[in-house]
Amino acid sequence: MTSKKVTVFILESNPSMGKWIKMFEASAFQKSKESIQATLEEKLLAGRKTDQVSIVVAGTEETDHNLAEEYAGQYPHISELSAIKPPDLDLLRKFVNVPLIDSKKNSADVFSALIVTVSAINKHVRHYKYEKRIRLYMSLEGNINWDGVEAVIGQLSENGIELSIACLGLKEAEEGKNDNPQVQANLAQWKGLVNSLPNGYLMDLSEAIAESMQFHKKEIRPTPTFRGYLTIGNMTMFPDTSLSISIMMYARTMEAKMPSAKKWSSLSSVTDVQNANGQESHQVVQESKYRMKPSTARNEAEESADANEPEVEKAMLEKAYKFGKTLVTITDQDEEFLKLKTDASMVLLGTYSKNAFPPQMLMSNCYVIVAGNDRPKYAAKALSALAQALQKGNLVALVRHVTRADAPPKLGILKPVLQEDIDALYYIRVPFAEDVREYQFNSLDQVMTESGKVIMQNHPLLPSQEVRDAMSDFVKGMTISEASEADEKGQATLDLDEMYNPSLWLSKKAIVARALNPAAPIPEMDPRLKRQLEPSAILVDQNKDAVNTLKRVLNVKKVDREAKRNRYGGAKQDQVVPDNLPSVAQVLQSQQDAAVKQEEQPDSELRALLNYDTREVSAINPVRDFTIMINNREEDLVSDAVEQMCRIITELVTTSFGDRNYELAIECLVLLRATAAKEDESEAFNRYLYQLRDTCEPNKPDSRRRDFWDIVKRKHITLISSEEADDSNVTSTEATKFLEEEEPAKDTLPPESSLGDTADDLLAMME
């Protein structure tokens, strides 16, 4: 269970806190507020109910705290911005608007604010177990009444309250640069108070602010994610030679995910969902309704009537899976029966070399495995022996892991971790073979031609030896060192502990900024995060020569981004525009005159159809091309047009994405049938229709083009009978039965010789 925490911030707003801090280019009061605000924002975004806070301001016009009524007039000008509770937006808004007082009339005693804070914590916590902390931001100036300091020390020690004081001017006072008697007296009292506490800390305000500005890891209380046994061998079949080690697994490194906005909307009008302060929470409440889906397309009136149909209860719904074009329903009992039954376990499958698992496969969350509670001494020895054996052999162990009963199994590897005080294992998930996607890229050191010839050098796509040497020098020169003393050598360093996710930081800052002010702009990126995204200035300066050499050998040229691109129909910058260009009115009038002339020539469209230059039926406009070739009166292109149209129809059907091309294919098929009957090409059409049916495979339930043949049957596009064309030898009965058959009948197939003539027959026909 997560421990409860109470943190109370005390901020002095007396005029002495207005001192300017040169290293931060801001006042001490402003930087103290920013430090407290940053901590408050993190706690607010975390949203933990067990992490409670409050803020006490010393130096306000009014007096509002838990001892104001009981001890009236004793602790003036001290205010509690809120009771101790989980942080909310109202507390953050109040704190942002806290001013620095200008007059000493409203100055407050900081030690009195500490007394008020200790009283508030004791009243809230009572006898419950909390982690209690006080963070005090103050200066050493001003008169302080130290009566009751022993009692405060006793309360802090007895209740285990941690006190951290960030003091303005601490270094100057300790070094003797500030010899003000009042400052020295206050410093002695604060040091005595802190030294009397087991958890007391005193530091300079500048150091405290600099520490608060650092990026910190999110630390959570360790909770076991798995309690069980690591099994080596088969305990059922070979119990004498198998081993089970009691283990516990904890999360070590987890992915920091971006805040989700799926359940929040500024347009949400949910009035019955409110936060603790009675305000609308803008929460998105999901509401699901179920109705019968219409099987066919309907008009608007029918669709509006469907919207008024009664809803279907969720309990009446059944789960179904697609099997081809059929939906197979699965009941809850069937699904439970088919579910894989597993038990919580971790079984070692084998050991492999570390090189067997490349780094890109080890990008999952990391867990640490230690000895469990069942005979912990023996478990620790066995786990240590396994870790040392893996380390000695430079191996990793592949395991099958099931987190809980009936959960899907997962694969992972165990890596040894040998430290001075403990030997443990790291568990990292790895993908199954089906989850790995290998992407193929062109080779960088060889080129394969279409004929299969492999070229290793002297090719435009292959780098020369000069290019390789230049690139090698550039890569070596841009290498980032991880050594801490690299800065002394003038090299760039990469401190992984100081790396932070820029997107995560910016999203959190944007959420807080918009929460305080809906019209606020997106905050600027932190300069430290900007440096993470930019190349090291040290390396760029050191490798200028290598960069210039690489530019020269690769012939790199800078593109002029400011130059305007020449668009279609646009004039170039240096192009001279003539003065005698027609006006817009003249252009419009010429278009109207052209339209009148076109109306006066009704046979212009017919002449366009008689375009004798068309020799091929294209897939772009097959109907137009086919019609032009058929109507060509200068030469006979009917047979070629029919043959090409057959090929186009087959291409449209076989390459169609779903039924996208079916409408055009049916239009072409209808036109082809009518033309074939009229132009004595019925035998060619009938022969093609058999081939088209074989292509669609209507006799196979899983045929991808069976739905097209269903359209053909529905449109009654059948063979050309002898009643429709004199050159056809198909009777009307055979034409009718053709669409009723799922498989071609042998007795109705055209003779083999008619399906295709040999080369000798063609030569004979030509003679």
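Trainee: In what order do the seven strands close into a barrel?

Mentor: In this predicted model, the barrel closes in the order S9-S10-S14-S17-S16-S15-S13, and its pairing is mixed. Neighbouring strands of that sheet are turned by 40° against each other on average, with direction ignored.

Trainee: How do you know that S10 and S14 are paired strands?

Mentor: Two strands count as a pair if at least two bridges are found between them, and six bridges join strand S10, residues 243-253, to strand S14, residues 366-371, the two running antiparallel. One place to look is alanine 251, whose bridge partner in S14 is tyrosine 367.

Trainee: Which strands does S15 pair with?

Mentor: Strand S13, residues 345-353, is joined to S15 by eight bridges, and S15 is joined to strand S16, residues 410-418, by five bridges.

Trainee: What makes S15 a mostly covered strand?

Mentor: A residue is called buried when its relative accessible area is under 20%, and six of the eight residues of S15, which spans 395-402, are buried. For the whole chain of 767 residues, 32% count as buried.

Trainee: Why are S5 and S8 called edge strands of the open sheet?

Mentor: The open sheet has six strands in the order S5-S4-S1-S6-S7-S8, with mixed pairing. Strand S5 (78-80) and strand S8 (200-204) each have a single partner strand, so one side of each is left without a neighbour in the sheet. Neighbouring strands of this sheet are turned by 15° against each other on average, direction again being ignored. Within the sheet, S1 and S6 pair in the parallel sense over seven bridges, and valine 8 stands opposite isoleucine 134 in S6.

Trainee: What makes a group of residues a nonpolar core, and how many residues has the largest one?

Mentor: The members must be buried nonpolar residues joined through side-chain atoms within 4.5 Å, and the largest such set has 43 residues, with Phe111, Leu114, Ile134, Leu156, Trp190 and Leu193 having the most contacts inside it. Several elements each supply at least two residues, including strand S1 (5-12), strand S6 (131-139) and helix H4 (149-158). The largest share, 10 residues, comes from H3.

Trainee: Which residues is leucine 156 in contact with, once its neighbours within four places in sequence are left aside?

Mentor: Leucine 156 is then in contact with Val118, Ile134, Ile161, Leu163, Leu193 and Leu197. Apart from the core of 43 residues lies another core, of 41 residues, among them Met629, Ala641, Leu652 and Tyr690.

Trainee: Why are H1 and H12 called roughly perpendicular?

Mentor: The axes of helix H1, residues 28-46, and helix H12, residues 502-516, cross at roughly 95° and come within 11 Å. Angles from 65 to 115 degrees count as roughly perpendicular, and the two helices are therefore described in that way. Their contact is made by Gln37, Glu41 and Leu45 of H1 together with Lys508, Lys509, Ile511, Val512 and Leu516 of H12.

Conventions. Residues are numbered from 1 along each chain as its sequence is written. This is a predicted model: local features need pLDDT of at least 70, side-chain atom pairs count only at pLDDT 80 or more; totals for chains, interfaces and linings use all residues. Side-chain values use heavy atoms; hydrogens and water are left out. Helices (H or I, at least four residues) and strands (E, at least two) are DSSP runs, numbered from the N terminus. Axes are lines fitted to C-alpha atoms, for helices over the stretch in contact, and angles run from 0 to 180 degrees between N-to-C directions. Buried means under 20% relative accessible area, exposed over 50%, partly exposed in between (1.4 Å probe, protein chains only). Contact means heavy atoms within 4.5 Å. Angles under 35 degrees count as roughly parallel, over 145 as roughly antiparallel, 65 to 115 as roughly perpendicular and the rest as oblique.
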